[in-house]
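Please keep the structure in view while reading.

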Amino acid sequence: MPEPRGSLVDRHVGFVHALRAAGVPVSVAEGLDAAGAMRVIELADRESLRAAYAATLVKKPAYRPGFDVLFDLWFPASTTGLAAVRTDSRIDPATAELKELREHLAGLLTSSTDQELREFAQAMVERFGRQEAGPGRQNWFSYSVMRALSPETLMASILRNVLQGRERGGLAEKTVRQQVNTGIRRFEDAVATDVRRRIAEESGIERIARSAVRPPLDQIDFLRITKADLARLRREVYPLARRLAARLTIKHRKGRRGRLDFRKTMRASLQSGGVPLTTHFKPPRPHKPELVILCDTSDSVSSFAHFTLLLTYALREQFTKVRAFGFVDTVDEITRFFLPGSDVVEAMTRLANEADMVRFGRTNYGHSLERFAERYADALGPKTSLLILGDARSNYQPPALDVLKSLVSRTRSAYWLNPEPRQQWDTGDSVASEYGTVVPMSECRNVSQLTAFIETLA
């Protein structure tokens, strides 16, 4: 990657490369479009430059946070040592008492421009964010700045000064609180941006970019997903459920014909002397497919299981019949926990406490498949699609391939989604390829791959 201290072309190429490395898809044509946009804007206007890059390179709102972080690294608002920090002339950020700094920050939180807040944040990072790490070396931290100024503790004094004796708890207080909370977030972002800039100047942009930019939501690995990510994924699940239902419906329609259209056939036979040489059929009646989900809920894939249960919850609204089954070393039907109108978080809590999916606590696909065949084989039929979700790791227990073949033979179609990277299949206790000979298995580590799987069903 070119060094950012080179020409504008070097910065442009390096920035585009960094976006791709962070999971933001940028084609060659889009990179050229961005370069072309720079010819018609004022390059000295940093926000115009940001807007031009965003308009040509960012295709989804989920990509914007990572884009902004990288833009601030490759095109910083200032460079250490080249521009003096300008703040309120009444105080000197380098020597002012902490009380004065907090009072000045209180004013900025209620009314300030981005530039004013950014300049104050730079001064505070210079004063409080530095930590010596040896001769000629220093580290920079946001935490020490926020701890010194504690902006969240300024709320009471700000409310007292702004409301000035007016009644508390009304619309005025609510408005001020929202304004201050927004200002605190802006200040935190400004501090974090300046800390990243200083680290990039000393250690290189590549190093800080790798740790500062999280992958876009649709590329976060299911096995490493956090609770906060799961909450955001709920919004992504419902469109995916609708598309999955539509794709399975299309597959069901292929090769199907409706009932004989007697009147149309007889009318056409008049052209051949009353002999019905050509038969006409009515269009097949559209219907929602039936779906059976078999989900590994063991600890090794717990994050993936949480996402698949969210998907199960959303799929109930898209199919005529959905039956869901969870297993660790035995299987239980969990459909009852996902009734229409129930809260998905409450449903997951009840499932963990009430479902009978565990005997000894070690995943056993073979025994789970056998129990499913014994107790729930009637859930499968010629109109059913079977979706298996799991990593195919069975703790070296027999995989019960014959049982799986028998179950699949009952269905219209069957698919297996595996959250592990393909290169890890068949390592250790994985029997992915053996199961893959019975059920087509696809790698599904993130929302992007799940979307691609759904598209291939068409």
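In this predicted model, Leu294 stands opposite Ile388 in strand E6. E6 covers residues 384-389 and is joined to strand E3 by six bridges, the two strands running parallel. E3 also pairs with strand E4 (residues 321-327), again in the parallel sense, over seven bridges.

The facing residues can be listed together.

| Residue | Facing residue | Strand of the facing residue |
|---|---|---|
| Leu294 | Ile388 | E6 |

These strands belong to an open sheet of six, in the order E5-E4-E3-E6-E7-E8, with mixed pairing. At the edges stand E5 (331-333) and E8 (441-443); each has a single partner strand, so one side of each is left without a neighbour in the sheet. From one strand to the next, the twist averages 20°.

How many of the seven residues of E3 are buried? Six are, so E3 (residues 290-296) is largely enclosed by the rest of the structure. In a regular strand, side chains alternate between the two faces of the sheet.

The next topic is a pair of helices. Helix H6 (residues 114-128) has 15 residues, which at 1.5 Å a residue should span 21 Å. The end C-alpha atoms of H6 are 21 Å apart, in agreement with that value. Buried residues of H6 include Leu117, Phe120, Gln122, Val125 and Phe128.

Asp194 lies in helix H9 (residues 171-203). Is Asp194 buried or exposed? Its relative accessible area is 3%, and buried means under 20%, so Asp194 is buried. Leaving aside residues up to four places away in sequence, Asp194 touches Gln122 and Val125. Both Gln122 and Val125 are among the buried residues of H6.

The last topic is confidence. The protein has a mean pLDDT of 81, and 86% of its residues reach 70 or more. Among the elements, helix H11 (residues 227-253) has the lowest mean pLDDT, 69, while helix H16 (residues 401-409) has the highest, 94. Over residues 81-89, pLDDT stays under 50. For this stretch the model has nine contacts beyond four places in sequence. Where pLDDT is low, the predicted coordinates should not be read in detail.

Definitions and conventions: Residues numbered from 1 in each chain as written. Predicted model: local features only at pLDDT ≥ 70, side-chain atom pairs only at ≥ 80, totals over all residues. Heavy atoms only, no water. pLDDT = per-residue confidence, 0-100. Helix = DSSP H or I, 4+ residues; strand = E, 2+ residues; numbered from the N terminus. Contact = heavy atoms within 4.5 Å. Buried < 20%, exposed > 50% of the residue type's maximum accessible area, 1.4 Å probe, protein only. Pairing = 2+ DSSP bridges. Axes fitted to C-alpha atoms, helices over the stretch in contact; angles between N-to-C directions. Expected span 1.5 Å × (residues − 1).
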